[in-house]
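Student: Could you take a close look at one part of this model for me, and then follow it outward from there? I'd like the geometry with its cut-offs, please.

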Amino acid sequence: MDSDLFSRRRAVRFAQLLDEANGGRRHHVRSRADDQLTRLVAVGQRLVAERPDIQVDVEFRAGLRAMLVATAEREHTAEAVTDGTPQATGRGSLLGGATARRARARGAILVGIAAGAVAVSGISAASENAVPGDALYGMKRSTERAQLALASSDVSRGQLFLDFARTRLDEAATLRDDAAGFSAVLDDMDADTRQGVRLLTGGAVQHGDPAALDAVNTFVSGQRRAVGGLLDGAGVAERDRTRQSLALLDAIRKRSDALRTALACALPAPVGSDALGPVPGTCPTYR
């Protein structure tokens, strides 16, 4: 059997089950996939019923509404063409009925997607304060990966990574009594920091514009003060680990300043690259 046709049939059947679960008319049909699809419908209903009481971001609502309206307009246009054509008898009328059923099925799927998206967005918002070991921490990190995937440029992704590094620092502050967890979160923080700095310094050199370096310096100034605060009351192991992160921030500031100087004297291409991005050469001196 054509796998694409089979997938469409499953989608239509799923839409029917969603329709029934939401009070629609019963469809007196059965399929071999009903047991699996029924479980999926139950999961969707549970997400909607148990979603956290959190306001969904305004931009998300607007984007979702625009997507649904655009899709609805396309479906309406397709139905209008069908309705404006004289209905044929026999096989043609059957095809017209099938088209209408597909349109209703797609509409039901859109409703399910909308409900699921709103529910997931609520869960995502609820996960913002999660720390390693919490049930929602995986959702929190998945949301971050989605943000990176949607970023429009390397500079945008670099700024996101620095935001994530700030988030890891907040998590570390809540794990002061868990030496292993504290160290692991700082490892993630440093990794996010390196990724963000590498993208931003690379963008600054590529475009010959030090604006991205301003973002790096602002991050380093604020982050260094906050990381330094972890030293207060910390044990020996935690203090040693915290100093590693401070040393990284110092190295980043030094790299940023060197790149700024290189851009000012219009140096040629960097002499190399490492975990912090381009490695600048030395500006020539004239006597």
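Tutor: Start with Phe161 and Phe164, which are about one helical turn from each other because they sit three residues apart in helix 6 (residues 154-173). An α-helix has 3.6 residues a turn, so residues three or four places apart point the same way. Helices here are DSSP runs of H or I with at least four residues, strands are runs of E with at least two, and both are numbered from the N terminus.

Before going on, the ground rules: this is a predicted model, so local features need pLDDT of at least 70 and side-chain atom pairs count only at pLDDT 80 or more, while totals for chains, interfaces and linings use all residues. Residues are numbered from 1 along each chain as its sequence is written, and side-chain values use heavy atoms, with hydrogens and water left out.

Now, back to those rings. Searching the whole structure turns up one aromatic pair. Phe161 and Phe164 form it, in an edge-to-face arrangement with 6.3 Å between centres and 80° between planes. For the cut-offs, rings of Phe, Tyr and Trp (its six-membered ring) pair if their centres lie within 6.5 Å, and planes under 30 degrees apart count as stacked, over 60 as edge-to-face and the rest as tilted. Both partners are tucked away: Phe161 is buried at 14% relative accessible area, and Phe164 is buried at 6%. Buried means under 20% relative accessible area, exposed means over 50%, and partly exposed is in between (1.4 Å probe, protein chains only).

Zooming out for a moment, the protein has nine helices and two strands, and along the sequence they run α-α-α-α-α-α-α-α-α-β-β. Of its 287 residues, 31% count as buried.

Next along is helix 7. Just after helix 7, Gly208 takes a positive phi of about 60°.

How does helix 7 pack with helix 9? Two packed helices are described by the angle between their axes and the distance between the axes. For helix 7 (residues 179-207) and helix 9 (residues 236-264), the angle is about 5° and the axes are 10 Å apart. The axes are lines fitted to C-alpha atoms, for helices over the stretch in contact, and angles run from 0 to 180 degrees between N-to-C directions. Helix 7 and helix 9 are therefore roughly parallel, given that angles under 35 degrees count as roughly parallel, over 145 as roughly antiparallel, 65 to 115 as roughly perpendicular and the rest as oblique. The residues in this contact of helix 7 with helix 9 split into twelve nonpolar, five polar and five charged (Ala, Val, Leu, Ile, Met, Phe, Trp, Tyr, Cys and Pro are nonpolar, Asp, Glu, Lys and Arg charged, and the others, Gly among them, polar).

Ala179, in helix 7, is partly exposed at 43% and sits 7.7 Å from Ala237, 58 residues away in sequence. Gln244, in helix 9, is partly exposed at 48%, and 9.3 Å separate Gln244 from Leu186, again C-alpha to C-alpha.

Finally, helix 8 (residues 211-228). Its 18 residues should span 26 Å, which agrees with the 26 Å between its end C-alpha atoms. Ala212, Leu213, Val216, Asn217, Phe219, Val220, Gln223 and Val227 are buried in helix 8. Down the axis, the buried residues of helix 8 fall within an arc of 165°, so they line one face of the helix; that arc is taken over the directions from the helix axis to the C-beta atoms. Thr218 and Arg225 are exposed on the other side of helix 8. Leu246 in helix 9 is buried at 8%, and its C-alpha is 7.3 Å from that of Gly228.

Definitions and conventions:
Expected span 1.5 Å × (residues − 1).
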